[in-house]
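Please look over the sequence and the structure before reading on.

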Amino acid sequence: MSIAVVGSLGLDTIHTPAGRVEEVLGGSAAYFSLAARHFLPVALVAVVGEDFPPEARRALELPDVDLSGLEVRSGRTFRWEGIYSADMQSRETIRTELNVFEEFRPRLDDKVRKLPNVFLANIDPDLQSDVLSQFTRPRLVLCDTMNYWIHHKREELLSILRRVQILIINEEEARELTGEWATHKAARAILALGPEMVVVKEGEHGAFLQTDGFHFLCPAVPLEHIIDPTGAGDTFAGGFVGALARMGRVTERNLRAAVVFGCVLASFTVEGFGVVGLLRAERAEMLRRARGLLSMTQFTLDDTSRILR
Ligand code: AMP
C-alpha cells in the first residue's frame, strides 16, 4: 500500500535571515518522501544529473524510500535559489535552472504503476496528466501546483484538476487560480473545478481543508526557532498524504487527522536548513506536537449560559 510521488529533486541555495546554505538537497519529491515515509513506504520518481552529490542521495537512502524510480541522466541536476524576506513570510526566486528536469518524461515501471496512492508534486500539468495515465488503478490521487502553471498552462492545469480527488495548494496560488481573496471562498471555487477536496496551505497560519460537506482549519505548530521555510509545503503534503493513505479510508475523521500530521511534519522542516530539520523528526516528538495542536484548538460549549447573557 505504498505511495508514489512524482516531482522535483534538486540542489537548493537558500538565503534566510538565519543564514545561507548552498546546493543542499531539495525539491518537492525529497521533502514529500522524507515526510511520508513515517506513515507508509514511498516510491520516489524523479530525475537528477550525474553531478548529484553522493551525500544528497544518501540522505534519501532510507528503508522506506524506494529509489528505483530515480533516474540519473547525463547533464546537470535541477537547481533553485531563493531568498526570504526578514519576516520569512515571502520569498523571491532568484534562480531556477531546470537542467535535466526539463527533459523529465518519467516512464513508470510495473511495480510503481500498480500503487494505489499517487502524489503529483508541482510539475508541468501535462506531465502530471501523462504520469497519472500510467497508473493502472489509482485509488487516492492528489496534486500540487504553482503560480507559473496557473498563468502559463491554465487549461492543462484545469484538465488535471478534473482527474484528482484532492488538490494541495498554497494560499496565494489558490487566490491566483480562482480570483477569490478569502481562503474559504477560493477553496469552494476550486471544488467547482473538479477536485472533491482541497487543502489550502497558509504558512505560519496552518492549513485549511474544504470538502463539499465540511471544512477544517489546523494551526501551524508554534515554534521557537524558524530557520528555513523551504519545503514546508511539500513536507505538509507528505505528512497529509502519508497519514491519509495509511488510515485507508477518506472519512472526515481521517481527513482532520491527516491535516494535523501535515502541519506536524512541516514544523520539523522549518526548524533547519533544507531537509535537516525534517530528518530529525521522530515518532514521540511528532505525537507530542500533534497533541499540542489538539489542546491548542480545543474548547467547550456545553454550558453556553455561562458565556452569553
Ligand atoms: P516549497 O517551499 O514547499 O514551495 O518547496 C520548495 C522546493 O521546491 C525547493 O526545494 C525547490 O527545489 C523546489 N522547486 C522550486 N521551483 C521549482 C520548480 N519550478 N519546479 C519544481 N520544483 C521546484
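A polar contact is a pair of N or O atoms within 3.5 Å. At 2.9 Å, the pair formed by an oxygen atom of the ligand and an N or O atom in the side chain of arginine 91 falls within that cut-off. The model is predicted.

- The backbone of glycine 27 places a polar atom 2.7 Å from an oxygen atom of the ligand.
- Aspartate 234 has a polar side-chain atom 2.8 Å from an oxygen atom of the ligand.
- On its own the ligand has 510 Å² of accessible area, and the protein covers 85% of it.

**The shell around the ligand**
- Strand S7 (78-84) and helix H9 (232-247) are the elements that give two or more residues to this shell.
- Helix H9 gives the most, with three residues.
- The ligand is surrounded by 16 residues, and the closest are Ser8, Asp12, Gly27, Gly231 and Asp234.
- By type, the shell holds six nonpolar, seven polar and three charged residues.

**Leucine 293**
- Leucine 293 belongs to helix H12, which spans residues 283-297.
- Its relative accessible area is 3%, so leucine 293 counts as buried, the cut-off being under 20%.
- Leaving aside residues up to four places away in sequence, leucine 293 touches Cys218, Pro219, Ala220, Val221, Val260, Cys263 and Val264.
- Isoleucine 190 is 103 residues from leucine 293 along the chain, and their C-alpha atoms are separated by 27 Å.

How values were computed: Residues are numbered from 1 along each chain as its sequence is written. This is a predicted model: local features need pLDDT of at least 70, side-chain atom pairs count only at pLDDT 80 or more; totals for chains, interfaces and linings use all residues. Side-chain values use heavy atoms; hydrogens and water are left out. A residue is near a molecule or strand if one of its heavy atoms lies within 4 Å of it. A polar contact is a pair of N or O atoms within 3.5 Å; within protein, one must be able to donate a hydrogen and the other to accept it, and residues adjacent in sequence count only if both atoms are side-chain atoms. Accessible areas come from the Shrake-Rupley method with a 1.4 Å probe; for residues, only the protein chains shown count as cover. Helices (H or I, at least four residues) and strands (E, at least two) are DSSP runs, numbered from the N terminus. Ala, Val, Leu, Ile, Met, Phe, Trp, Tyr, Cys and Pro count as nonpolar, Asp, Glu, Lys and Arg as charged, and the others, Gly among them, as polar. Buried means under 20% relative accessible area, exposed over 50%, partly exposed in between (1.4 Å probe, protein chains only). Contact means heavy atoms within 4.5 Å.
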